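Trainee: I'm new to this one. Could you walk me through it?

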Amino acid sequence: MKKPYDLIVIGGGSAGFNAARVAAGLGKRVAIVDGARELGGLCILRGCMPSKTLLYCTEVLHLAQKGSVFGLKIPSARADMKAVHRRKKRIIGEFADYRLKALESGRYDLFRTHARFLDERTVELSDGRRLRGKHFLIATGSKVSVPPVPGLAETPFWTSDDVLDLDFTPPSVIVLGGGIVACELAQFLRRIGSRVTLIQRSPNILRDHSDEASAVVQQAFRDEGIDLHTDTKILGIAGGKAGVTVTFLSGGKRIVRRAKHLFNALGREPNLDGLGLENAGVKVTDDGRVAVNRWQQTSRPHIYAGGDVCGPHDIVHLAVAQGELAARHAFGVKGIKPIDYSLLLNVVFTDPPLATIGLQERELDEAGTPYLVASYPFNDHGKSILMDANYGYVKVIAEPKRGRILGAEIVGREAGELIHCFSGPLAMKATVFDLLRAPWYHPTLAEILTYPLEELAEKIGP
Ligand SMILES: Cc1cc2nc3c(=O)[nH]c(=O)nc-3n(C[C@H](O)[C@H](O)[C@H](O)COP(=O)(O)OP(=O)(O)OC[C@H]3O[C@@H](n4cnc5c(N)ncnc54)[C@H](O)[C@@H]3O)c2cc1C
């Protein structure tokens, strides 16, 4: 065995690649081990980027289809799925090539195989080679989970990977789940012309968000013809190649729905199979994630973890930040700070999109923290009215004495962009008064934010 690496990264996705990049920048000797057939990680290959490529296509399609609202004659706008698929493949191929070039740049030793811990200083590769390291980063990501829903494991189903790779319009799909991936892709399927049934166990879709925000997206889904069922209990799933049947309870009634395809979007779980964590003494939490402290160290301080494998949120900018933090901490970079989860930024790319930043009313109520809140609807704002973007509202939450901004929630057109109006101010602990001193151009969607800010300023007083 050669001299130990300064850092061995297991998994070259968002967390792993960025940890390796930072460590190499610090002059360290780094190995990246990734067993995927295609390199790039979930975000590039089968997550953020392909899903957003497709969702943007259907956003354009949807606008074209409602052209008459704007006085336009667009006779028949529809998806050419072969062309949509080709475009997605080309764009994702370019992103993946770029990442592959970075991985193969020679700054790291790249091993295209799986790794398993033999002990806390050694990993074994699938071909039997062994690597020793002074530090490690576990960044093996997540995989689709198959919860114990009656009949699910025995019935053929699609995952998000399959939906993102469609080059045809499926006639009908039953979507199980109401989380972000379920909602984004259910709307994509509906907009390309599938008959879509969405079945969610909780009383609302997007249950990690406020009831008010979920209700707006639910209304939009129903308006677009998605057959949406919430507060359900699945009694059974059956079927094969010809189609699937899902039987469930909703509002005390037994309901049966049939479709050609089943899409399991019930969630993901950390990818820890075959990693040999027990050999290294790395502990896992009750919900199956690698346990880490605020510096991303596991129960073995020289072994770090980052990304979906440890959570707490499956969000790519956090995976990147965790990987970078781990590398900086491992090599003693001065002045680093743990990730501040009170700045949590979340975007759901449905239409209307939903975005939140910072602390939300639910958590403030639970913690008994006093706050002020003000909101304003998009259907009363000039720019959104002229864009026919009437769904939703903006909401700002502030501390009651000085007006420091604690959080914001936006449901409506461009929410994922607009929420960034609060990123800097929140990180800099700005108040509503600070934001009201900033210029807001007219007529923009962004200027709608001045209404709740002014209301809060009035409530707080001079
Ligand atoms: C459909 C979909 C849409 C999404 N959209 C968004 C979005 O819009 N915005 C957002 O922020 N997040 C989004 N996410 C989540 C985001 O993609 C993930 O949080 C992020 O990519 C996780 O990065 P990671 O580094 O933890 O893991 P990954 O990028 O999955 O990397 C893990 C790597 O580890 C390798 N590996 C696994 N086991 C081993 C082993 N034993 N040995 C060697 N290598 C191994 C794998 O091959 C893989 O390359 C989406 C996810 C999905 C599924």
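Mentor: Gladly! In the protein chain, 63% of the contacts with a separation of 6 or more join residues 24 or more positions apart; contact means heavy atoms within 4.5 Å. This is a predicted model, where local features need pLDDT of at least 70, side-chain atom pairs count only at pLDDT 80 or more, and totals for chains, interfaces and linings use all residues. Residues are numbered from 1 along each chain as its sequence is written, and side-chain values use heavy atoms, leaving out hydrogens and water.

Trainee: What makes strand β20 largely enclosed?

Mentor: Strands are DSSP runs of E with at least two residues, numbered from the N terminus. Buried means under 20% relative accessible area (1.4 Å probe, protein chains only). Six of the six residues of β20, 393–398, are buried, so the rest of the structure largely encloses this strand. Tyr393, Lys395 and Ile397 are buried on one side, and Val394, Val396 and Ala398 on the other.

Trainee: Why is β20 said to pair with β21?

Mentor: Two strands pair if DSSP finds at least two bridges between them. β20 and β21 (residues 405–411) have six, in the antiparallel sense, with lysine 395 opposite glutamate 409. Strand β19 (residues 372–377) also runs antiparallel to β20, joined by six bridges.

Definitions and conventions:
Buried < 20%, exposed > 50% of the residue type's maximum accessible area, 1.4 Å probe, protein only. Helix = DSSP H or I, 4+ residues; strand = E, 2+ residues; numbered from the N terminus.
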